Amino acid sequence: MHGDPCTASIEESAVAVRAIRGATQVAADDRDEVLGATRELVSTVLERNALDPADLISILFTATPDLVSEFPALAARELGLGDVPLMCATEIAVPHALPRVLRLMAHVETSRSRADVQHVYLRGAVALRRDIAQ
């Protein structure tokens, strides 16, 4: 069989579902700080991975138990991600955990390989994953 044009285009633009991790730390449990840091984190994940909002499948946000002033997902909505499924949860309360940390796991469609995905750790959260922080 000669190359099927449909198959050829799929192979050339192979898109996979990838998970991208990110985290940031805020100085205080303050609504404006939580929203600002979350907007920065989401924007940086999109920028470093050359993603368009249409590439997003979903985002799971977590916050350490000491952050209760606002839902991090609200910041994503403020960035225009109104049609992206978002969920917030609380991290488990591990006694020696870094305090005031917001995390995300974004599921995206991308042509990047797993090795080329840029995970994003900002502010004090860089200490969480020095091995993959950019």
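Pro-53 sits in the loop that connects α2 (31-48) with β2 (56-63). The model is predicted. With a relative accessibility of 39%, Pro-53 falls in the partly exposed class, because that class lies between the cut-offs of 20% and 50%. Leaving aside residues up to four places away in sequence, Pro-53 touches Leu-81 and Val-84. Val-84 is 31 residues from Pro-53 along the chain, and the C-alpha atoms of Pro-53 and Val-84 are 8.2 Å apart.

Strand pairing involves β1 (residues 16-25). Its two pairings are set out below.

| Pair | Partner strand | Sense | Bridges | Example of opposite residues |
|---|---|---|---|---|
| β1 and β4 | β4 (residues 101-110) | antiparallel | ten | Gly-22 and Leu-104 |

The largest pocket has a volume of about 180 Å³. Its lining includes Ala-63, Thr-64, Pro-65, Leu-67 and Val-68. Glu-70, Phe-71 and Pro-72 also belong to the lining of the largest pocket, as do Cys-88, Ala-89 and Thr-90. Strand β3 (residues 86-90) contributes the most to this lining, with three residues. By class, the lining of the largest pocket is made up of eight nonpolar, two polar and one charged residues. Glu-70 is the charged residue, because Glu counts as charged.

Conventions. Residues numbered from 1 in each chain as written. Predicted model: local features only at pLDDT ≥ 70, side-chain atom pairs only at ≥ 80, totals over all residues. Heavy atoms only, no water. Helix = DSSP H or I, 4+ residues; strand = E, 2+ residues; numbered from the N terminus. Buried < 20%, exposed > 50% of the residue type's maximum accessible area, 1.4 Å probe, protein only. Contact = heavy atoms within 4.5 Å. 1 Å grid on protein atoms, 1.4 Å probe; cavity = no way out; pocket = protein on both sides within 12 Å on 5 of 7 lines; lining within 4 Å. Points joined across faces, edges and corners; volume = space filled by probe spheres on them. Pairing = 2+ DSSP bridges.
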